[in-house]
Amino acid sequence: MDNLCDECFYNTIDEESEEYFCSLTLDEDEYAKMLFENNKQCKYFRPDTGEYSIVRKQN
């Protein structure tokens, strides 16, 4: 799952600790379920298409 996180839209860096974390807003139950599921693919995964993805949709 770590390699998917590297390419995920929700993977965000915390500038104080300089560590990456998942910025997806989940409640406590959803987060625990995501951590402990045996699925190899996160159902919340969204590929990071870069900062210009909105511009691509307009053209």
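**View 1. Accessible surface and overall make-up of the predicted chain.** The accessible surface of the chain comes to about 5,600 Å², and carbon and sulfur atoms account for 47% of that area. The model is predicted. Of the 59 residues of the chain, 14% count as buried. Among contacts between residues at least 6 apart in sequence, 45% join residues at least 24 apart.

**View 2. Order of the secondary-structure elements.** The chain holds 3 helices and 2 strands. Read from the N terminus on, these elements follow the order α-β-β-α-α.

View 3. Strand β1 spans residues 11-14 and strand β2 spans residues 19-22. The two strands run antiparallel and are joined by 4 bridges. Between β1 and β2 lie 4 residues of the hairpin. Glu18, in the turn, has a positive phi of about 55°.

**View 4. Nonpolar surface patch of Tyr31, Leu35 and Phe36.** Together, these three residues present about 360 Å² of accessible area on the surface. Leu35 is located in helix α2, which comprises residues 28-36. The relative accessible area of Leu35 is 46%, so this residue is classed as partly exposed.

Key: Residues are numbered from 1 along each chain as its sequence is written. This is a predicted model: local features need pLDDT of at least 70, side-chain atom pairs count only at pLDDT 80 or more; totals for chains, interfaces and linings use all residues. Side-chain values use heavy atoms; hydrogens and water are left out. Patches are made of residues with over 30% relative accessible area and no salt bridge: like charges are joined within 9 Å, nonpolar side chains (Val, Leu, Ile, Met, Phe, Trp, Tyr) within 5 Å. Accessible areas come from the Shrake-Rupley method with a 1.4 Å probe; for residues, only the protein chains shown count as cover. A salt bridge is a side-chain nitrogen of Lys or Arg within 4 Å of a carboxyl oxygen of Asp or Glu. Buried means under 20% relative accessible area, exposed over 50%, partly exposed in between (1.4 Å probe, protein chains only). Two strands pair if DSSP finds at least two bridges between them. Contact means heavy atoms within 4.5 Å.
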